[in-house]
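Please open the model in the viewer and keep the sequence panel at hand.

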Amino acid sequence: MTDIIRITTSSKERDFSMFLNIDEAFRIMEQLADVTLRRLLDNEIFELDPGLQDPTQITKRDLEARAQSEFFRAFFRLPGKEKLHEVADCSLWTPFSRCHTAGRMYTSDSYICFASKESGCCNVLIPLREVVSIEKMEDTSLLPNPIIISIRSKMAFQFIELKDRESLVENLLLRLKQVNTSNPVHYNCLEKKETNSLVFHSTCVFSDCESRDLGMVASQSEDKSEGEKESSHLLNVEALRSVFHQSGAEGSDFRMSREQIKERLWNDHFAEYGRTVCMFRTEKIRKLVAMGIPESLRGKLWLLFSDAVTDFASHPGYYGNLVEASMGKCCMATEEIERDLHRSLPEHPAFQNETGIAALRRVLTAYAHRNPKIGYCQSMNILTSVLLLYAKEEEAFWLLVAVCERMLPDYFNHRVIGAQVDQSVFEELIKERLPELTEHMKDLSTLASISLSWFLTLFLSIMPLESAVNVVDCFFYDGIKAIFQLGLAILEANAAELCNSKDDGHALMILSRFLDHVQNEESPLPPIGNHHAFFSDDQEPCPVTEIADLIRDSYEKFGDHSVEQIEHMRYKHRIRVLQNHEDTTKQNVLRVVIPDVSILPEELEELYDLFKREHLMSCYWQGMRPVILRHDPSRPYAEQYRIDSQQFTNLYKLVSPWTCGEHTQIVAERTFRLLDENMDHLIEFKGFASCLDVMYNGEMNEKINLLYRLHIPPALTENEKDSQSPLKNPLLSTSRPLVFGKTNGDTVDYQKQLKQMLKDLAKEKDTKTEKAMPKMSQREFIQFCKTLYSMFHEDPEENSLYQAIATVTTLLLQIGEVGQRSSSLGSGSDEFTEDVHSEASASDQDIVFTDTVKTTHKETPSLPVTEGNWIISFEQILASLLTEQSLVNFFEKPLELKPKLENAKLNQYCLKTNGMSDQSLAEHMKLNTQ
């Protein structure tokens, strides 16, 4: 059988075959799908990628470049705004192995990176702000096309076998100049004991100046104002761990000796591999990390591994300014922060004290002020608490930035899309690596829901702190890969018990007991009870697991997944997770709308799909749409999809039963203005569905009520185009006779009906308590009549409808003139008594009903020129329409929405494909400019 690509949508499956290169085609389709999803998740990032702005102009080269940039940023965990420029095969001199290591150089706006071809052999990350010089060396047979990159910490990197070396060096020097211009390096004229050289306050955190706050260099410089100095003194300049130092209990001498051994191993490693962010990252350093970073080096190494130190050094004074700007301001984020402050590691003495609480408040509030799109999300407090224990306050802030914006993208928002995608990836890894467990637990979503907190808090909320910090060590070095493999190791260690578990609650208890008994025998700190753990008061003893053994097992058994493999799985599962969210959004919206309308649920669901599709197609098929009108997933469910006037008009033409030929555009625009109650030029699905429900399922009085409101402000405006109509000479006249012949020869005298109607309406006003709608002027009434005439066009009963509406129109015009004359005679009070009708109004009514059959059409003005006080009410219009059975039949006949929906599914795409929507949009804009 021929290989196929199957695309599954919510309604059907489509198979594609006969590819020349099916792998390439699949990759392109996958990339296109990911582009679409990322666009829905974050419009702002896509504004930075001009090649992807117009979906009709995306090329294979654009997609490949984007995929390569995505991999580059994920592999080196760089900011999302970092743009990849060059990728070049080369070899790097690695002094620890005394040879050149083959690999690939990546250059971007602010970085030069290297990754060896052999996975894990050697990686290097060089921020351009650390670079002192980039030089071309003499080309020899042993060193072909070499360049030397020197950095501030007295290290140099030699790259050889670079093709197109000239242009590469030229581009690197240009970007180096731009970086140095925008981010000048600050340094202190302090001499090192060993080198007598300047100590640059760059990304080197291991020097004899360790006692100085790396990121506070600028904030402590001589040119600071006194106010800034006072402000900076409010910030903690030491890690909370050093302020609230805890001494260990029994076995502390052994533990301290283990710490000293680890420190010596790290110092030896620094001497050989480098001690800055530009260090050679090899398998050896991974093994040191897996053993657990010494307490004294933990915060500094977190800064280096995450490259938060570069952001830190590049933004002197930034955090202090954020604190100044954000403190004291009240918003939803600050309220949530205040609520969670005392729930953050309450068992640690640092957070039983106002010093720790105040620092935590400042960091979380400053970050919410920096990134209001994320603001504050639960679990950020736990993570930030631990960061403050091991890093100075400003360093902790930049570590939080690195985690939220680069290392765990899309994790910390109200939908936690990133975490859910990784849960779905985790399920796939369980199926692949733990088949026996998968066979027993058919529904792995239970394990995914249990493990969600593992990913959101990096095990800090469900494992003793002294053990969990070792997990955080691995995370900062290896990224999310470390959490995946540790999660698999935990499940494998408990596989036998999980296979015998009775239900979900039992499985949760097994994993909670296990994690609560993961200990760190080598930690110099005393054990701290886990406030967040479950079932810690076990009735039977639970075996203790050493964290170092658990981490070692995770690397040995499950550490073979590459960043590229994980990113590929994320592509696949992001589609499913986002679709699940879209389904949830739909169900929540429908749950709110269904009780208020009579449209069948299945039809309402199809209508929602059309509404959403119109929104998305108009947003992303038409490049002129501003970003603010695009999909905003941060809004409440009912407001996530909203449409503007043009989008509404497109939908109205497709599904509304009230089509009026060329007049449809005007009616649609009036309907939109009526529904746009808050005047933000956008309407939600509920308003759209309620309007259609009246058109299809409303009683006659509800339909006439809607039509009436479409022809008074705010729906009807003074805009000139509202008066345009295909009807050139409507037969509206106050001088037409009110005696009509019927088909059977009988006649009906409407004079009596008019007199009785006036009496009934006058009496009704006395008993009416609800607020009446505004009365309609003559101009508005004329527009109302034009719409009715247009609606009857091509109806099977067109002739009888025209005759009926002509009768009613004449009747209503005369009613309006009766009121106008009564008002002018001073008898337009709210009460019409029998005496008023018999005496004061009698002569006026006789004049109105004078037979004018002899008057020719040319002599009869079609519409009065001046309105004066001519008004008519909704009740009068409704009562008049009810006198004509053909009109009653028209408005009460049953209408089916289903055929319209089926037709709209086809035509909605055709409009876009044929460019009709763009043409109508251009016409719409042209009319607005006239």
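Predicted model: local features only at pLDDT ≥ 70, side-chain atom pairs only at ≥ 80, totals over all residues.

**First stop: α3 and α24**

Helix α3 passes α24 in a right-handed crossing. Select residues 60–76 for α3 and residues 563–593 for α24; their axes come within 10 Å and cross at roughly 120°. The two helices are therefore oblique to each other, since an angle over 145 degrees would be needed for roughly antiparallel and one of 65 to 115 for roughly perpendicular.

Now display the side chains at the contact. From α3, show Glu-70, Phe-71, Ala-74 and Phe-75; from α24, show Val-563, Glu-564, Glu-567 and Tyr-571. Coloured by class, this contact of α3 with α24 has five nonpolar residues, three charged ones and no polar ones.

**Second stop: α13 and α14**

On the α13 side, the contact is made by Ala-359, Leu-360, Val-363, Leu-364 and Tyr-367; on the α14 side, by Met-380, Asn-381, Thr-384, Ser-385 and Leu-388. How many of the residues in the contact of α13 with α14 are charged? There are no charged residues in it, the division being seven nonpolar and three polar.

While α13 is on screen, select Leu-345, which is placed in the loop between α12 (332–340) and α13. Phi of Leu-345 is near 45°, a positive value in a residue other than glycine. Most residues other than glycine have a negative phi. Leu-345 counts as buried because its relative accessibility is 2%, and the cut-off for buried is under 20%.

Select residues 417–433 (α16) and residues 480–493 (α20), whose axes come within 11 Å and cross at roughly 45°. That angle makes α16 oblique to α20, as only angles under 35 degrees count as roughly parallel. The crossing in which α16 passes α20 is right-handed. Asp-422, Val-425, Phe-426, Leu-429, Ile-430 and Arg-433 of α16 make the contact with Ile-480, Phe-484, Gly-487, Leu-488 and Leu-491 of α20. By class, the contact of α16 with α20 divides into eight nonpolar residues, one polar and two charged.

Select Trp-266 in helix α7, which spans residues 252–273. Is Trp-266 buried or exposed? Trp-266 counts as buried because its relative accessibility is 1%. To see what surrounds the side chain, show Ile-285, Leu-288, Val-289, Gly-292, Ile-293, Pro-294, Leu-297, Leu-301 and Phe-305; Trp-266 touches each of these, residues up to four places away in sequence not being counted.

Two loops come next. In the loop between β2 (13–16) and α1 (22–41), select Met-18. Met-18 is not a glycine, yet its phi is positive, at about 65°. Met-18 counts as exposed because its relative accessibility is 70%, the threshold being over 50%.

Then go to Pro-714, in the loop between α29 (700–709) and β16 (739–741). The peptide bond leading from Pro-713 to Pro-714 is cis, with omega near 5°. Most peptide bonds are trans.

Select Cys-113: it is in no disulfide, and the nearest cysteine sulfur, that of Cys-278, is 9.8 Å away. A disulfide would require the two sulfur atoms to be within 2.5 Å. Cys-113 counts as buried because its relative accessibility is 1%; Cys-785, at 2%, therefore counts as buried as well.

**Last stop: the whole chain**

Finally, return to a view of the entire protein, which has 38 helices and 19 strands. Of its 930 residues, 51% are buried. Among contacts with a separation of 6 or more, 71% are between residues 24 or more positions apart.

Note on methods: Residues numbered from 1 in each chain as written. Heavy atoms only, no water. Contact = heavy atoms within 4.5 Å. Helix = DSSP H or I, 4+ residues; strand = E, 2+ residues; numbered from the N terminus. Nonpolar A, V, L, I, M, F, W, Y, C, P; charged D, E, K, R; others polar. Buried < 20%, exposed > 50% of the residue type's maximum accessible area, 1.4 Å probe, protein only. Axes fitted to C-alpha atoms, helices over the stretch in contact; angles between N-to-C directions. Left-handed = near helix turned anticlockwise from the far one by under 90°.
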